[in-house]
Amino acid sequence: MTQDDNQGAQAPQEPPKRGTMRFQDSSTQARQPSLAEQRARQQALAEQQRQEAMAAEAARAAEKKSSTKKKLLIGTGVTVGLVGLVATFYTVAKPKNVTAVCAAKDTEIISDDNNCDERYVTSHGGYHSGGFFFIPIGGGRYDSYRYNYGGTGTIGQRVSGGSYTAPSNANVSTKSGKSVQRGGFGISGKSGSGGSGKSGGS
């Protein structure tokens with residue numbers, strides 16, 4: 001009976017074995033990469049270098065474009081400034097030609113140029129003051145005349161347009177060719193007949 005009992009009983013199970021871990025020491029040599037792995041690494045490195053080169057080239061191109069644009073803007077600004085300055089200089093420096101007529105103060109009737117010539121007026125007992133020419137007409141009275149600049153008309157007619165203020169930077173002369181004022185930044189010259197170039201003006 002004891003024998004039967006022993007046959008029916010199962011053998012005790014052995015406890016499971018624990019796993020083991022192998023460590024590499026300093027003498028262990030690393031596995032050499034396969035040919036495929038070497039090619040993959042080379043391709044990846046080449047692609048990285050290509051991307052870095054493209055990025056550097058793009059940065060240089062952008063910097064060059066920005067620098068060129070700045071130079072162009074600066075150059076354009078300097079050119080425009082110089083052109084404007086030169087144009088302004090010639091506009092100011094080059095005097096214009098203006099024709100003056102001698103007109104009576106009260107009626108604005110155009111008279112002979114001699115009535116606005118200081119030498120002629122003083123030789124006939126008159127005088128010049130404040131841009132006006134005074135010629136005696138008897139009884140202690142005087143007729144007064146002054147230059148009109150740019151006005152039109154003939155002797156005996158009323159002057160049309162113009163101004164009684166001497167223009168600056170202008171060559172002013174009468175219809176007969178008598179010089180009243182020489183241009184040059186508003187500096188008046190002497191008249192051809194000896195009169196003052198500052199004649200005229202109200």
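Which backbone atom lies 2.9 Å from a polar atom of the side chain of N148? In this predicted model, local features need pLDDT of at least 70 and side-chain atom pairs count only at pLDDT 80 or more, whereas totals for chains, interfaces and linings use all residues. Residues are numbered from 1 along each chain as its sequence is written, and side-chain values use heavy atoms, with hydrogens and water left out.

The atom in question is the backbone nitrogen of G151. N148 itself belongs to strand β4 (strands are DSSP runs of E with at least two residues, helices runs of H or I with at least four, both numbered from the N terminus). With a relative accessibility of 1%, N148 is classed as buried (under 20% relative accessible area; exposed is over 50% and partly exposed in between, with a 1.4 Å probe and protein chains only). Beyond neighbours within four places in sequence, N148 is in contact with T99, A100, V101, V159, G161, G162, S163 and Y164 (heavy atoms within 4.5 Å).

Strand β4 (residues 141-149) pairs with β3 (residues 132-138) in the antiparallel sense over five bridges, pairing being assigned if DSSP finds at least two bridges between two strands. Within this pair, Y142 in β4 stands opposite P136. The open sheet comprises six strands in the order β2-β3-β4-β1-β5-β6, with mixed pairing. Strands β2 (127-129) and β6 (179-181) stand at the edges with a single partner strand each, so one side of each has no neighbour in the sheet.

Elsewhere, E47 lies in helix α2 (residues 35-93) and, at 34% relative accessibility, is partly exposed.

Notes:
A polar contact is a pair of N or O atoms within 3.5 Å; within protein, one must be able to donate a hydrogen and the other to accept it, and residues adjacent in sequence count only if both atoms are side-chain atoms.
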